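Dear colleague,

Please find below the structure that I am handing over to you.

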Amino acid sequence: MRSKSSKKGDRNKDNRKDRNSSSGRGETPATRKTSSRGEASARREPTGRRGAQKSLKATVLEIFSDSPDYTFTQRQICRRMGVVDKNGREQIENVLNVLKSENKILKVDEDKFIINLKVDIITGRVDLANSKYGYIVSEEREEDIRVFREHLKYAMDGDLVKVEVLPTVRGGRQEGVVVEVLERKRTELVGVMELSKNFGFVVPDFKRLYFDIFVGERGLNGAQSGDKVLVKIVEWPKDPDKNPTGEVIRVFGPAGENEAEIHSIMAEFGLPFEFPETVEEEAETISDKITAGEIAKRRDFRDVTTFTIDPADAKDFDDALSIQKLENGNWEIGVHIADVTHYVSPRSILEKEAYHRATSVYLVDRTIPMLPERLSNGLCSLRPNEEKLTFSVVFELDDNGKLYDTWYGRTVIYSDRRFAYEEAQERIETGEGDFADEINILNRIAKKLQAKRFKNGAISFETVEVKFKLDEQGRPLSVYVKERKDAHKLIEEFMLLANKKVAEYVYNLGKGKKHPTMVYRTHGSPDPDKLSTFSLFARKFGYKVNPDGDISVELNNLTEEIEGKPEQSVLQNLAIRTMAKAKYSTDPEGHFGLAFDHYSHFTSPIRRYPDMMAHRLLQHYLDGGKSAEKEEYEERCQHSSEMEKRAADAERASIKYKQVEFMKDTIGNEYKGIVSGVTEWGIFVEIEENKCEGMVRLSDLNDDYYELDASNYRIIGRQTKRIISFGDEVIVEVKSANLNDRTIDLELVKTLKQH
């Protein structure tokens, strides 16, 4: 039986080709590390005054740990560190006091200290940095504890572990040993089968993992060498030189084939392959009849002009717009949302499944829905020429977008037309076709609403969305960037307004500090340190961003300046990274990006569980109900945020796979690109034409030996002093495309424009 150490050792000989990746905390464009999937991440290194203190503390602790039996005075520590000035001695004194208060060193005499060798046990989560070691992130410690793989006890990313903190410090990091794995986040892994005569090893797709899985003859389940498989680990060895034992529970097919790769991405992120039978059966028992009694309870919009505008290939229609002119000359505009919670009751099997999934997932070639097709594409979908039950927010607006009144409640509608975005855009551009007048009125009002948002401080970033044209086998024929036109923005503005007004309505039901429990979509302000770093970086491109000014104004001005420039995508992505991640919360913290004090998600209940919660809460308060239990909803918000992140990661993985598959047929071609990342082992280049990103390895730059200058986001040739910086325009040649690792290797042909 082969040991993990020998096999992994062969695989990781070249440090530049290591499959390292880390958590993503503290990422900067120049210092990000990447897994073979090309996902950027890096451990946070100390910065600023606090960072300097951390570095000093680590250095002092390292002196103690190197001589665990020796006592040191403050003067001896100063001498070892070459500190001679008063200020330096005071800093050392402060550090010693801090280490003493943290019980890391003990005072054994009036002015003598020794390292504390007493065993310190903490609990935390594993964050695998690479295939050599991981970090233990614990609320019990400000600094993460590093644990090398031989001491991880086969713990994987996200596992909850108990760790013995060692007194030893290496490279400024305190080390530890896992003594017990308390909770394994997963026991199933995706990988490629490597077969011998009567047994095999599964090499995991997760490149930071430090072991392969042994599979005996009985556990192969028909898997062939080179197949992508899902393996369940059934035995964890006590010997660190052995491999865990597993059984193959799904065979996806030969690695590199579309179905095998997409299914393996689904399994990798724990996405479901189908609905349980009980869920499908419950969905089929729901009546599609809308009774006269149900209609009588609702506001009737069936005679009001109503239509949907969605992507051409959409099958589930969450939202519809209605419009009619009022006697006073204003417009009554209804935002009608599928009334999912009418069909899905709180204690049903459907409800449990919807909560478990929390969101629909949109991979490149398929949708993994939150609700079964009977609901998502049938009962709840606002299809044309059908009566549908909806939950609506109805506005009275004038031609300038001024809001006079808002009504909330359950309704019944009849959609007169299903528009694709392209059809709606045609009516905006030509003014001709059915419902052209209504669409143009909505578009004019939407533009006024958008202008008010930006005036109030909303950020105007347009994120790049990569799309593929696929053949019948799912192979990519072309890659393009989705263009957002007025038809998209029209729908977006009215959905934003509805989400905002629902959140405001519930919030304003309370008085003082007491507000009813609600599910909000929140987005924090940018991190000041990250913003300052970004400001310095933008300056290298000739753009001024004042981190102490009005951030919204500064970022919007930048957006206008960079529009259409090669660096637009790179700078916008970096600016977005300065901001907090949007999340679901019961705390009304506001939404920085939209410049809304209160914001919720109400408009997509077919595909998002938080919208279902918002529907239930709104109706509860419309009925005069008391504030719902906050803790229960906060727990559901946290789950929804986690599942949203999982879905986004899976979507990115499927896009990356398709990009690599597309580039596989372009080997030898030359493309113009922009340097989008710099690391110690290579530079990333985003190809301008198709937004595919690949790496030029430093080991392939033969004209010199290049070193990373992290603080200036560049690499420098040791002899020639040639500089290649983040943001430089370059010509690259496609060298190879590895489907298994989802990586694209590029060769640098020449530099066009430098920053």
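Two strands are said to pair if DSSP finds at least two bridges between them. The model is a predicted one, and the description of its sheets below rests on that criterion for pairing.

Strands of a sheet pair through backbone hydrogen bonds, in either a parallel or an antiparallel sense. In this protein, three strands make up an open sheet with the order β3-β5-β4, and their pairing is antiparallel. The edges of this sheet are taken by β3 (72-73) and β4 (105-107); each has a single partner strand, so one side of each is left without a neighbour in the sheet. Three bridges join β4 to strand β5 (residues 112-115) in the antiparallel sense. Within that pairing, I105 has I115 in β5 as its bridge partner.

With strand β29 (residues 670-678), β35 pairs in the antiparallel sense over five bridges; here the bridge partner of E670 is E733 in β35. With strand β36 (residues 743-753), β35 pairs over nine bridges, again in the antiparallel sense. β35 and β36 form a hairpin, with four residues between them. In the turn, R742 has a positive phi of about 55°.

Turning to the protein as a whole, its secondary structure amounts to 18 helices and 36 strands. Its radius of gyration is 29 Å, close to the 27 Å given by the globule rule for 755 residues, so the protein is as compact as a globular protein of that length. The C-alpha trace spans about 90 × 70 × 55 Å along the principal axes.

Of the 755 residues, 52% are buried. The accessible surface comes to about 35,200 Å², and carbon and sulfur atoms account for 45% of it. As to contacts between residues at least 6 apart in sequence, 65% join residues that are at least 24 apart.

Finally, how far apart are the mean positions of the positive and negative charges of the protein? The protein has 119 positive and 132 negative charges, and their mean positions lie 4 Å apart.

With kind regards

Conventions: Residues numbered from 1 in each chain as written. Predicted model: local features only at pLDDT ≥ 70, side-chain atom pairs only at ≥ 80, totals over all residues. Heavy atoms only, no water. Helix = DSSP H or I, 4+ residues; strand = E, 2+ residues; numbered from the N terminus. Rg over C-alpha atoms; globule rule 2.2 N^0.38 Å. Buried < 20%, exposed > 50% of the residue type's maximum accessible area, 1.4 Å probe, protein only. Contact = heavy atoms within 4.5 Å. Areas by Shrake-Rupley, 256 points an atom, 1.4 Å probe, with all protein chains shown as cover. Lys, Arg positive; Asp, Glu negative; His and termini not counted. Charge placed at Lys NZ, Arg CZ, Asp CG, Glu CD.
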